[in-house]
Amino acid sequence: MTDAPVRGTTAPPPDPRRAVPRTDAVLADPRLAEAVHRLGRALVKRAVVDAQQRARAGEIPPAEVAEAALAALPRTATRLRPVLNATGVLLHTNLGRAPLSAAARAALAVAAGTCDVELDLGTGTRGRRGAGVIDALLEAVPGAAAAHVANNGAAALALVAATLATGREIVVSRGELVEIGDGFRIPDLLESTGARLREVGTTNRTHLADYERAIGPDTGFVLKVHPSNFTVSGFTSAVGPEELAGLGVPVVADIGSGLLTPHPLLPEEPDAAGMLARGATLVTASGDKLLGGPQAGLVLGGAGEGAALVERVRRFPLARAMRVDKLTLAALEATLRGPVTPVRAALDAAVDELRHRARRLAAELAAALGPGVVEAVDSVATVGGGGAPGLTLPSAAVALPERFAAILRGGDPAVLGRLVAGRCLLDLRALDPADDAALAAAVRTAARSGAAPGDTDPAGAPATGTATTGTATRTAGS
């Protein structure tokens with residue numbers, strides 16, 4: 001027998017948590033079932049559980065659990081997100097440096113499955129790993145007789161040092177002992193291989209006689225390091241590889257940026273072919289900078305001694321630990337053999353065309369953002385990525401109020417611009433013209449999301465500046 005309800009009272013409302021659908025019921029939704037196939041069950045289930053918790057907390061109605069889970073799912077099973085590079089920095093290290101060409105991306109798809117990376121299909125026996133890349137490098141660099149590929153630029157230099165100078169001395173100018181990023185320094189890198197550094201000259205001036213006095217029986221090689229992320233001007237002097245070549249020891253030139261042959265806009269940037277022609281025995285460089293390919297370290301040797309040293313480097317035991325995978329080999333070969341890379345296209349972009357794009361985008365966006373909010377302006381871009389320090393490139397940008405910067409970073413795709421004098425500049429030099437429509441869509445979405453039409457620049461300053469560091473100029477992510 002049950003107690004009758006007390007007259008004049010009401011029954012407690014049903015617990016809303018009972019209306020939250022079960023996990024298996026939500027996962028049975030065809031849209032989430034497709035997501036499981038694409039992203040994996042664990043990731044999708046986590047999104048469902050999080051949505052259920054939001055429903056139990058009263059943040060969303062129980063009927064919206066599936067929708068909330070779908071909205072929280074990423075496009076892919078990686079946390080990496082696509083970003084439109086509107087900073088005006090062609091090789092932005094925080095954005096992965098060089099964007100790959102369409103040819104390189106297609107090559108990645110081939111290499112992603114099983115492929116003949118180390119197999120001779122004609123004979124059915126083991127083939128030489130990376131033979132296609134080596135051939136492509138030798139074709140691309142006049143004067144190169146041998147080449148090897150490591151997993152990044154620092155690895156290429158460290159591998160050379162370990163091969164030629166473990167327990168011996170590396171002679172290097174004090175003005176070239178640079179820090180290469182994230183606190184890593186060339187001296188520490190070289191000494192980690194067991195080599196000893198023999199510093200010569202001073203910070204600003206080094207002469208041939210300084211090297212001559214340092215050369216001895218313990219010299220492994222003379223190292224020339226291009227100071228790729230800074231410049232020293234004024235009362236300076238340095239010694240080129242053509243003079244060092246007469247010292248009787250190998251000359252290793254680390255050019256950093258990966259420029260293989262000269263470029264008219266970069267007269268001060270050393271290139272691999274030029275350094276070999278000037279007397280360098282070996283050249284080391286990066287693949288993901290001005291070359292425009294994937295992260296890789298290149299070792300190039302000239303005919304005779306250079307080719308013999310490359311073979312020593314290739315056979316050195318540490319080379320196995322620094323070996324590149326099939327994806328890098330495929331993307332690098334396609335970069336070398338394929339069409340113009342996005343980096344080269346951005347470097348060669350005509351400023352008049354950049355201005356035309358900026359005006360077209362500003363006019364298109366004015367209707368959505370309101371009068372006085374968006375403007376096409378001249379801008380200044382840089383190479384970045386440790387290349388062409390001090391060099392600026394004329395560019396054009398779309399200028400918006402500064403408040404757009406944070407909203408654009410949170411979009412899909414994210415957009416990274418540059419903050420100058422209270423405005424957010426979306427510089428177009430590093431942005432593929434094919435992405436202009438996506439940029440415009442992102443700005444329109446940002447305007448609807450919180451950067452209200454009619455907002456104006458409180459500073460009222462002209463939106464011009466450089467992509468270099470300074471008090472008034474910074475990346476919109478800083």
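Contact here means heavy atoms within 4.5 Å. With that in hand, take Leu 119 in this predicted model: leaving aside residues up to four places away in sequence, Leu 119 touches Gly 124, Thr 125 and Gly 127. Leu 119 sits in strand E3, residues 119-120, and its relative accessibility of 38% puts it in the partly exposed class, because that class runs between the 20% and 50% cut-offs. Go 10 residues along the sequence from Leu 119 and you reach Arg 129, with 7.9 Å between the two C-alpha atoms.

Now zoom out to the whole chain. It has 478 residues, and 46% of them are buried. The secondary structure comes to 18 helices and 19 strands. Of the contacts with a separation of 6 or more, 76% are between residues 24 or more positions apart. The chain exposes about 23200 Å², and carbon and sulfur atoms supply 54% of that area.

Next, the second largest pocket. Its volume is about 870 Å³. Of the 37 residues lining this pocket, His 226, Pro 227, Ala 238, Glu 268 and Pro 270 are the closest to its centre. Sorted by class, the lining has 18 nonpolar, 12 polar and seven charged residues. Strands E10 and E11 (251-256) each supply at least two lining residues, and E11 gives the most, with three.

Not counting residues up to four places away in sequence, His 226 touches Asp 254, Ile 255, Glu 268, Glu 269, Pro 270 and Pro 389. Two of these, Glu 268 and Pro 270, are also named with His 226 among the residues closest to the pocket centre.

Finally, some backbone details. Most residues other than glycine have a negative phi, and most peptide bonds are trans. Against that background, Asp 412 and Pro 413 are joined by a cis peptide bond, with omega about 5°. Pro 413 is found in the loop between helix H17 (404-409) and strand E16 (414-416).

Arg 97 has a positive phi, near 55°. Its place is the loop between strand E2 (89-91) and helix H5 (102-112), and at 23% relative accessibility Arg 97 counts as partly exposed. Ala 421 has a positive phi too, near 50°. You'll find Ala 421 in the loop between strands E17 (418-420) and E18 (423-427), where its 25% relative accessibility makes it partly exposed.

Key
Residues are numbered from 1 along each chain as its sequence is written. This is a predicted model: local features need pLDDT of at least 70, side-chain atom pairs count only at pLDDT 80 or more; totals for chains, interfaces and linings use all residues. Side-chain values use heavy atoms; hydrogens and water are left out. Helices (H or I, at least four residues) and strands (E, at least two) are DSSP runs, numbered from the N terminus. Buried means under 20% relative accessible area, exposed over 50%, partly exposed in between (1.4 Å probe, protein chains only). Accessible areas come from the Shrake-Rupley method with a 1.4 Å probe; for residues, only the protein chains shown count as cover. On a 1 Å grid over the protein atoms alone, a cavity is a set of points where a 1.4 Å probe fits but cannot get out, and a pocket is an open set with protein on both sides within 12 Å along at least five of seven lines; lining residues have an atom within 4 Å of a point. Grid points are joined across faces, edges and corners, and a volume is the space filled by probe spheres set on the points. Ala, Val, Leu, Ile, Met, Phe, Trp, Tyr, Cys and Pro count as nonpolar, Asp, Glu, Lys and Arg as charged, and the others, Gly among them, as polar.
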